[in-house]
Number of protein chains: 2
Amino acid sequence: MKDVAARAGVGLKTVSRVVNGEPGVTPDTERRVREAITALGFRRNDSARILRKGRTASIGLVLEDLADPFYGPLSRAVEEVARAHGALLINGSSAEDPAREQELVLALCARRVDGLVIIPAGEDHRYLEPELAAGVATVFVDRPAARIEADAVLSDCFGGSRAAVAHLIAHGHRRIGFIGDRPGIHTAAERLRGYRTAMAEAGLPVDPSWISLGPTDPDRVGAAARSMLDGPGPITALFAGNNRVTVTAVRVLAGRTLPVALVGFDDFELADLLSPAVTVVAQDAARLGRTAAEMLFRRLDGAAGEPRRVELPTRLIARGSGEIPPADRG
Amino acid sequence: MKDVAARAGVGLKTVSRVVNGEPGVTPDTERRVREAITALGFRRNDSARILRKGRTASIGLVLEDLADPFYGPLSRAVEEVARAHGALLINGSSAEDPAREQELVLALCARRVDGLVIIPAGEDHRYLEPELAAGVATVFVDRPAARIEADAVLSDCFGGSRAAVAHLIAHGHRRIGFIGDRPGIHTAAERLRGYRTAMAEAGLPVDPSWISLGPTDPDRVGAAARSMLDGPGPITALFAGNNRVTVTAVRVLAGRTLPVALVGFDDFELADLLSPAVTVVAQDAARLGRTAAEMLFRRLDGAAGEPRRVELPTRLIARGSGEIPPADRG
């Protein structure tokens, strides 16, 4: 401020008036002060002020992959809630790597975020205990925390998956495949449990070759799908465990002569315009993000009590691919 | 640290040794210190250290909409480059609102980011001049800065659009519509210029009713497309100005009896599996992000010189929808 005052040829009081928008400065003087500010690159040092106040008005979001379309509406919803509370969103991807998740979470804590929304990659969140004890509010979303108690907002993966597989069974299928994400991921495990439960409830045996869990890259998923379709007990229907799997499954099935039924977990853009249109179990990604962020700000506003777990419903949307009857293989 | 020392019953020096991983501490003492740290929720105060060092090892990314699939790979690429340089990515959406862009950029500067990657919404970036003078490195991506000189990484929107429209003309079309984003957006203006140039180069007149610029929400785009298709001089082909427009155009065209040719700017997932598969002008969103972030870190490493503008090529991918001949309307 001294440099600005010297450069503009005015007193410190005048600079302060201009910066704070107070009256009593002529337009010409104001212009000179603003030019001096521009020339000197003067910036209000909010970092120092933030440290004094102890609040940064920012929250962190750790998700799995910024490029996965499922996380777009979720991130955007968290951001909108943060914005409504005057807070900035700081985010980053774990790339499904527990070490990277921990590194990112601790980096955000070191930057003094007020709270965290985490889509966890790891299976042990005890590293967060000192942060939680220090008062960093934390809400897990999409997947729960592991080995610690924490707020969580989840979709009903089990119920949605059971309904999806029951839907295929109701359309006459007996040999149904399931391709899902890595088994250590909570949502993948829950969706597998829904598949197994629906099959068991219908009294149907499950051949181990009909289940494949692992990374959701197109090569792995494509090979798994082809193996189930061309094996000795070929499937007539496939339940795809998330939108990444479904998109690859659509590609594999598009090239086959015999029709194969398909239900995917997660809705996705253009699912209704494919031929056949894709039947899905939709979860509401924006609502997941909004609910988690609202829970976080209630905690920051002082809401006490035990960690809560909220489960949001899913919705089966029949569009055609899930209603294809079993192919007659002659 | 004093509280930790008191609780663990050791001296300050011992706490310091444990925290900094120095030798000379028995395992039992180390355990007691760590337990005290956990119990007290002690956190290394990186904010204070950051202020002392004057570097935060973080960069800010301001984009238009976290939920637009075009920005997913771009954000992810910026994050990967930041990570390779040991920096955290802090990001947020402007929601195509210049005031919100400015608010977000200045909030990031107040948090002392080392640099900024900006997809601008505004048409006047002079508000950044004090920050630039203060040494905040800034690279614009997807769209250039307005009214200031700054580094920018862009796609060849003009050339790509001219090629798209020339492609439709080569397939026999004379009445070609263009639906684009708001005219104030640089990419929308450049794509319109490409459309007009290709039409002029072929000696074709352009009816004003064939051009519609505005928000890219489905209602606006759908109404514009229907009006061009059902008007007095109906179009036989449509050039869609970005992936949001194309997706709505696909929906509108799917319900028509007469085939209409379509080329979209931006590739999108599943474009090749639609019927007809959608011909697009693809830009490389990940490469845009990577190039911008690398330019930013070169500036942070001291690269001097005038602001640079890099233009990345686009690529026409013919898949079917752009090769449909003009419909015979009897």
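Q: What makes up the area that chain A and chain B bury between them, and how much is on carbon and sulfur atoms?
A: In this predicted model, the two chains bury about 4800 Å² between them, 55% of it on carbon and sulfur atoms. Buried area here is the accessible area (1.4 Å probe) that two parts lose on being put together, summed over both.

Q: How many residues of chain A are in contact with chain B?
A: It's 54 residues of chain A against 54 residues of chain B, with contact meaning heavy atoms within 4.5 Å.

Q: Why is the pairing of B:E269 and A:R244 called a salt bridge?
A: The rule wants a side-chain nitrogen of Lys or Arg within 4 Å of a carboxyl oxygen of Asp or Glu. The side chains of B:E269 and A:R244 meet at 2.9 Å, N to O, so the pair qualifies.

Q: Why is B:N91 called buried?
A: Buried means under 20% relative accessible area (1.4 Å probe, protein chains only). B:N91 comes in at 1%, so it counts as buried.

Q: Which residues is B:N91 in contact with, leaving aside its neighbours within four places in sequence?
A: They're A:L66, A:L89, A:N91, B:L61 and B:L66.

Q: How are the numbers and letters assigned, and what gets counted?
A: Residues are numbered from 1 along each chain as its sequence is written, and chains are lettered from A and ligands numbered from 1 in the order in which they are written. Local features need pLDDT of at least 70, side-chain atom pairs count only at pLDDT 80 or more, and totals for chains, interfaces and linings use all residues, while side-chain values use heavy atoms, with hydrogens and water left out.

Technical notes: Buried < 20%, exposed > 50% of the residue type's maximum accessible area, 1.4 Å probe, protein only.
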